[in-house]
Amino acid sequence: MRAGPSQEEIRRHNLGTLLRHVHLGGPTSRAELTAKMGLNRSTIMALTAELTAAGLVREELPKDTRRAGRPSLVVRPETARIYVLAFDVGVDRLVAARIGLGGAILDRRAAVRPRERFGAAEAIATLAGFARQMQRDVRADSVCVGVGAAVSGSVRRSDGVVRFGPNIGFADVPFGEELGERLGLGLPVAVGNDADLGALAEHTRGIGMGCQDLIYLHGDVGVGGGIIVGGRLLAGQGGYAGEVGHMVVNPGGRRCACGSRGCLEAEIGERTVLEMAGRPVRPGGRGALTALVDAAGRGDALAQSALHRAGEWLGIAVANLVNIFNPEMVIFGGMLREIYLGAAAQVRSRIATATLAAARENLRLRTSALGDDVTLVGAAELAFARMLADPLEALARAGAS
């Protein structure tokens with residue numbers, strides 16, 4: 001039989017839990033932390049004292065002190081001091097940000113790119129250059145505690161290798177290792193699929209907060225998905241779960257970049273929708289799809305037909321996912337937000353006719369609350385994971401780097 005957790009393990013767990021509450025919930029009073037964590041006041045006081053001494057949080061009097069009795073001190077994250085570097089490798093942009101504890105974006109850099117494949121070395125050089133620029137302006141006592149990256153492709157969980165990213169031209173690229181070496185911070189780079197990290201972001205900071213079972217669907221040129229089950233991201237054996245873009249919805253349909261036919265990505269991807277509407281595929285992008293939705297609203301028959309067709313296939317895919325996972329919420333992000341807004345009736349109709357009544361009775365369909373930053377926010381949360389699991393140990397490792 002395994003022995004129960006030691007007092008030291010319990011202490012470390014409680015430190016991480018308290019820091020997570022403050023990181024995700026913002027400034028929180030000691031009284032609120034006592035209620036949320038189910039611990040006594042003296043224990044909360046001891047935990048906050050440790051985190052304060054480490055420079056991870058600070059305590060201060062609340063602004064409203066008019067209530068009777070001694071006010072409960074408010075615990076705030078040291079946002080300006082403790083930060084991570086977050087990167088987003090998308091089809092049409094490279095983004096880097098310095099994000100403080102508590103989730104505030106302190107600094108960011110972005111490079112807009114034409115929608116074509118590009119080399120991993122070029123992407124890594126650009127991102128590392130952005131990181132160097134941002135770190136020139138940090139406070140002398142600031143500490144980078146983690147690095148995370150969202151990539152448009154299938155990412156192996158064990159080592160951050162991008163196995164397959166057809167829309168950016170990556171194949172078996174050790175992205176995490178190579179970016180880490182280029183950054184020279186002595187910190188590992190945690191890498192995740194962009195849709196997986198979008199799901200994580202919406203679950204922790206977006207429209208899906210408090211929702212334990214959700215599916216996030218993300219689109220740009222391709223389509224991906226992230227699945228939260230019981231409050232945890234579903235990774236799969238190798239880390240490749242959630243590749244809903246390669247769910248076959250139309251056997252014998254359009255050729256997909258993966259080599260199959262009739263994948264969801266092939267049937268509702270940006271290029272296909274623009275082609276079906278008789279619009280130029282290049283330069284494409286979110287603006288092109290927004291314009292298409294606007295045109296459909298004004299009565300453009302080709303635009304309406306393209307959106308209705310995409311809505312039918314998207315509805316079939318969502319219906320399958322609802323039957324399999326029984327989520328509480330399905331969230332549409334990236335260009336799928338535009339497609340859903342333009343074809344909500346078709347999506348809902350398919351769900352109503354192709355799902356079990358019990359599976360859909362509490363289902364909510366929503367669009368992303370985090371917009372274009374959703375995958376970047378997810379990358380930051382991935383980077384903060386070590387810190388929130390064991391704050392003092394992670395801080396010590398970062399300080400020694």
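I take a crossing as left-handed if the near helix is turned anticlockwise from the far one by less than a right angle, and as right-handed if clockwise. The model is a predicted one, in which local features need pLDDT of at least 70, side-chain atom pairs count only at pLDDT 80 or more, and totals for chains, interfaces and linings use all residues. I number residues from 1 along each chain as its sequence is written, and side-chain values use heavy atoms, with hydrogens and water left out.

**Entry 1: helices 2 and 3**

I looked up the crossing of helix 2 and helix 3 and found it right-handed. Helices (H or I, at least four residues) and strands (E, at least two) are DSSP runs, numbered from the N terminus.

I then listed the contact (heavy atoms within 4.5 Å). From helix 2, Arg30, Leu33, Thr34 and Met37 meet Arg41, Ile44, Met45, Leu47 and Thr48 of helix 3. These residues divide into 5 nonpolar, 2 polar and 2 charged.

**Entry 2: cysteines**

I searched for disulfides, that is, pairs of cysteine sulfur atoms within 2.5 Å, and the structure holds 0. Cys256 is in no disulfide, and its nearest cysteine sulfur, that of Cys258, is 3.7 Å away. Cys258 is likewise in no disulfide. I classed accessibility as buried under 20% relative accessible area, exposed over 50% and partly exposed in between (1.4 Å probe, protein chains only). Cys256 is buried at 6%, whereas Cys258 is partly exposed at 34%.

**Entry 3: positive phi**

Which residues other than glycine did I note with a positive phi? Asp172 has a phi near 50°, and Asn326 one of about 50°. Asp172 has its place in strand 10 (residues 170-173) and is partly exposed, with a relative accessible area of 48%. Asn326 is in the loop between helix 10 (301-325) and strand 15 (329-334); Asn326 is partly exposed, at 45%.

**Entry 4: Glu181**

I located Glu181 in helix 5 (residues 175-183), where Glu181 is exposed at 59% relative accessible area. Its C-alpha atom is separated by 9.9 Å from that of Ile124, 57 residues apart along the chain.

Notes:
Nonpolar A, V, L, I, M, F, W, Y, C, P; charged D, E, K, R; others polar.
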